[in-house]
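Let's take a friendly walk through this structure together. Have the sequence and the model open side by side as you read.

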Amino acid sequence: MTAPTLEIHLSDADLTAALRADATTGLTSTPKTLPPKWFYDARGSELFERITALPEYYPTRTERALLERVVDEIATAAEAEVLVELGAGSAAKTRLLLTAARAAGPLKTYVPQDVSAAALRESTREIAAEFPDLAVHGVVSDFTDTLHNLPGGGRRMVVFLGGTIGNLVPAERAAFLASIHDVLEPGERLLLGAGLVIDPAVLVPAYDDAAGVTAEFNRNVLHVLNTRLAADFHPEKFEHVALWDAEREWIEMRLAATEDMTVRLRELDLEVRFARGEQLRTEISAKFRLDGLRAELSAAGFDTEHTWTDPDDRFCVVLAERSSAGFAP
């Protein structure tokens with residue numbers, strides 16, 4: 001077995017600087033917002049793992065079942081020599097792809113990317129032990145602005161699963177997909193997992209479960225601000241809100257203040273006032289229609305090769321090839 005390697009482009013100091021910037025901008029905006037990536041300290045990651053096992057939360061199990069069904073088709077079509085996974089985390093679903101790609105023949109290297117060095121150290125060791133003939137090269141970075149750090153050296157397939165593409169607003173999605181286009185060569189591929197527009201009666205409970213786990217996950221962003229920026233939020237004084245925006249076709253998660261309050265963030269020398277009922281948006285989760293998703297990929301310079309959906313049309317996995325034609329953003 002070749003020992004896995006880890007390339008670090010994002011330090012804890014970098015993360016703190018990004019959090020400071022996001023908190024300063026988002027908490028002084030109208031309406032107030034925070035990016036969803038700040039849910040994920042150790043506690044937030046554990047809460048999200050609990051969410052994925054809830055009966056209401058269909059996306060994770062639906063995507064996994066879909067991958068189990070079509071993974072051999074993906075491996076045969078992609079012929080990837082290098083599999084690059086953005087936001088790899090524990091790389092649980094990736095094992096399906098790695099197994100199929102190894103069986104198909106050409107796969108030589110796995111490149112997991114994540115913001116957490118600790119998570120990558122653990123997952124790269126596990127993957128290297130499980131696939132001893134595979135070179136494993138972890139990259140600690142933020143996928144939204146450091147894609148240029150991803151290694152080449154073989155026909156690549158970039159994998160972005162979990163419906164995380166939906167956390168980006170349309171302009172951010174366009175920029176992100178264009179940035180993937182820019183780092184790939186013609187003929188290299190993107191494998192994208194995305195949630196589809198479905199009945200809100202099924203969709204909304206996935207983000208507002210009866211057990212209240214998602215509510216705790218949502219409030220965890222306030223714990224993160226308290227810990228990292230010496231804030232004095234009282235998370236229990238914020239209610240979890242999940243709403244379906246039918247016009248934009250996305251779920252919004254928000255935190256609503258239950259009383260008038262002033263919050264201090266000592267590390268930022270910032271005071272933030274909340275009126276009773278005022279809401280802080282913590283996440284969007286856009287859902288897609290297949291034609292619209294293909295159009296977004298095409299606008300970014302990708303040709304959609306294959307689209308797979310689950311039997312209930314709740315989730316899709318799309319394999320797209322970086323076009324050989326020129327692309328002007």
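Which residues have the most contacts inside the largest nonpolar core? In this predicted model, they are Leu 27, Leu 225, Phe 233, Leu 265 and Phe 274, within a core of 43 residues. Helix 8 (213-229) is among the elements that give two or more residues to this core, and its seven residues make up the largest share. Take Leu 225 as a guide: leaving aside neighbours within four places in sequence, Leu 225 is in contact with Leu 19, Ala 23, Leu 27, Leu 34, Ala 230, Ala 231 and Phe 233. Apart from this core lies another, of 31 residues, including Phe 143, Leu 184, Leu 192 and Leu 293.

Now turn to the open sheet, where eight strands follow the order 1-5-4-3-6-7-14-13 with mixed pairing. Strand 1 (5-8) and strand 13 each have a single partner strand, so one side of each has no neighbour in the sheet. On average, neighbouring strands are turned by 20 degrees against each other, direction ignored. Strand 13 and strand 14 run antiparallel and are joined by seven bridges; Phe 302, for instance, has Arg 322 in strand 14 as its bridge partner.

Which helices meet this part of the model? Helix 3 (residues 59-78) packs on the sheet and touches strand 6, strand 7, strand 13 and strand 14. Helix 9 lies across strand 7, strand 13 and strand 14, at about 155 degrees to strand 13. Helix 6 has buried residues including Phe 176, Leu 177 and Ile 180, and its buried residues pack against elements including strand 6 (156-160), strand 7 (189-195) and helix 9 (290-299).

Technical notes:
Residues are numbered from 1 along each chain as its sequence is written. This is a predicted model: local features need pLDDT of at least 70, side-chain atom pairs count only at pLDDT 80 or more; totals for chains, interfaces and linings use all residues. Side-chain values use heavy atoms; hydrogens and water are left out. Buried means under 20% relative accessible area, exposed over 50%, partly exposed in between (1.4 Å probe, protein chains only). Helices (H or I, at least four residues) and strands (E, at least two) are DSSP runs, numbered from the N terminus. Contact means heavy atoms within 4.5 Å. A nonpolar core is a set of buried Ala, Val, Leu, Ile, Met, Phe, Trp, Tyr and Cys residues joined through side-chain atoms within 4.5 Å. Two strands pair if DSSP finds at least two bridges between them. Axes are lines fitted to C-alpha atoms, for helices over the stretch in contact, and angles run from 0 to 180 degrees between N-to-C directions.
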